[in-house]
Amino acid sequence: MIDVTDAILDAAGIREALLDPGAGAVVVFEGCARDNHQGRSVDLLAYEAYTPMALAELSRIREEAMARFSLIRCAIHHRTGEVPLLQAAVVVGVSSGHRREAFEAVAWIMDRIKESVPIWKRENYRDGEKAWVEGENRA
């Protein structure tokens with residue numbers, strides 16, 4: 001249920017893996033590459049990761065989310081390499097007994113990913129410049 005990969009992320013497949021007869025809610029969030037950031041035109045995103053540590057931290061986040069939000073299932077997949085516009089860079093999905101916990105869990109997980117997982121994002125701009133995006137600018 002945890003993955004860091006250079007392959008295109010399969011949100012539909014992740015959603016299928018979250019289904020459970022006891023789940024009243026399934027929430028899947030896709031963080032997609034967009035064509036702008038802080039007034040600059042973006043051509044694509046590129047991600048680098050320290051994969052062993054990223055997998056360990058994603059697993060830790062997943063386990064904490066499972067307990068904190070009483071989740072039934074939880075999946076976190078993050079892409080590395082170049083991510084063209086409109087494609088997902090991250091997919092976070094959860095299933096739970098109720099919707100509130102599912103929505104809150106996905107938001108909490110995304111915040112933790114941005115805070116502590118060793119995955120770095122570079123934006124490639126239309127004017128040819130490139131910049132690493134970190135901290136609060138990672139929104």
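The questions and answers below walk through a predicted model of one protein chain.

Reader: How many helices and strands does the protein chain have, and in what order do they run?
Author: Counted over the protein chain, the secondary structure consists of three helices and nine strands. Read from the N terminus on, these elements follow one another as β-α-β-β-β-α-β-β-β-α-β-β.

Reader: What radius of gyration does the protein chain have, and what would a compact globule have?
Author: The C-alpha trace of the protein chain spans about 50 × 25 × 25 Å along its principal axes. For 139 residues, a compact globule would have a radius of gyration near 14 Å, and the value for the protein chain agrees with this, at 15 Å.

Reader: What percentage of the contacts with a separation of 6 or more is accounted for by residues 24 or more positions apart?
Author: Of the 139 residues in the protein chain, 43% are buried. Among the contacts with a separation of 6 or more, the share that joins residues 24 or more positions apart is 74%.

Reader: How far apart are the mean positions of the positive and negative charges of the protein chain?
Author: The protein chain carries 17 positive and 22 negative charges.

Reader: How many disulfides does the structure hold, and how far from C32 is the nearest cysteine sulfur?
Author: The structure holds zero disulfides. For C32, which is in no disulfide, the nearest cysteine sulfur is that of C74. A disulfide needs two cysteine sulfur atoms within 2.5 Å, whereas the sulfur of C74 is away from that of C32 by 18 Å.

Reader: Is C74 buried or exposed, and what is its relative accessible area?
Author: C32 counts as partly exposed, because its relative accessibility is 38%. Buried means under 20% relative accessible area, and C74 is therefore buried, with a value of 0%.

Reader: Where does L71 lie, and which residues is it in contact with?
Author: L71 lies in strand β5, which covers residues 71-79, and at 9% relative accessibility L71 counts as buried. G22 is 49 residues away from L71 along the chain, yet their C-alpha atoms are separated by 10 Å. Leaving aside neighbours within four places in sequence, the contacts of L71 are A65, M66, V94, S95, S96, E101 and A105.

Reader: Which residues does T5 touch, not counting residues up to four places away in sequence?
Author: T5 is found in strand β1, made up of residues 2-5, and counts as buried because its relative accessibility is 16%. Its C-alpha atom is separated by 14 Å from that of A75, 70 residues apart along the chain. Not counting residues up to four places away in sequence, T5 touches H78, R79 and T80.

Reader: Where is Y47 found, and which residues is it in contact with?
Author: Y47 is found in strand β4 and is buried, with a relative accessible area of 10%. From C-alpha to C-alpha, Y47 and A89 are 8.3 Å apart in space, while 42 residues separate them in sequence. With neighbours within four places in sequence left aside, Y47 is in contact with H78, R79, T80, G81, V83, A89, I119, W120 and K121.

Reader: Which residues is M110 in contact with, leaving aside its neighbours within four places in sequence?
Author: M110 belongs to helix α3, residues 99-116, and at 13% relative accessibility M110 counts as buried. The C-alpha atoms of M110 and K130, 20 residues apart along the chain, are separated by 24 Å. Leaving aside its neighbours within four places in sequence, M110 is in contact with F29, V90 and V92.

Reader: What is the phi of S70, and where does S70 lie?
Author: S70 counts as exposed, because its relative accessibility is 57%. Although S70 is not a glycine, its phi is positive, at about 55°. As for its place in the chain, S70 lies in the loop between α2 (51-68) and β5.

Technical notes. Residues numbered from 1 in each chain as written. Predicted model: local features only at pLDDT ≥ 70, side-chain atom pairs only at ≥ 80, totals over all residues. Heavy atoms only, no water. Helix = DSSP H or I, 4+ residues; strand = E, 2+ residues; numbered from the N terminus. Rg over C-alpha atoms; globule rule 2.2 N^0.38 Å. Buried < 20%, exposed > 50% of the residue type's maximum accessible area, 1.4 Å probe, protein only. Contact = heavy atoms within 4.5 Å. Lys, Arg positive; Asp, Glu negative; His and termini not counted. Charge placed at Lys NZ, Arg CZ, Asp CG, Glu CD.
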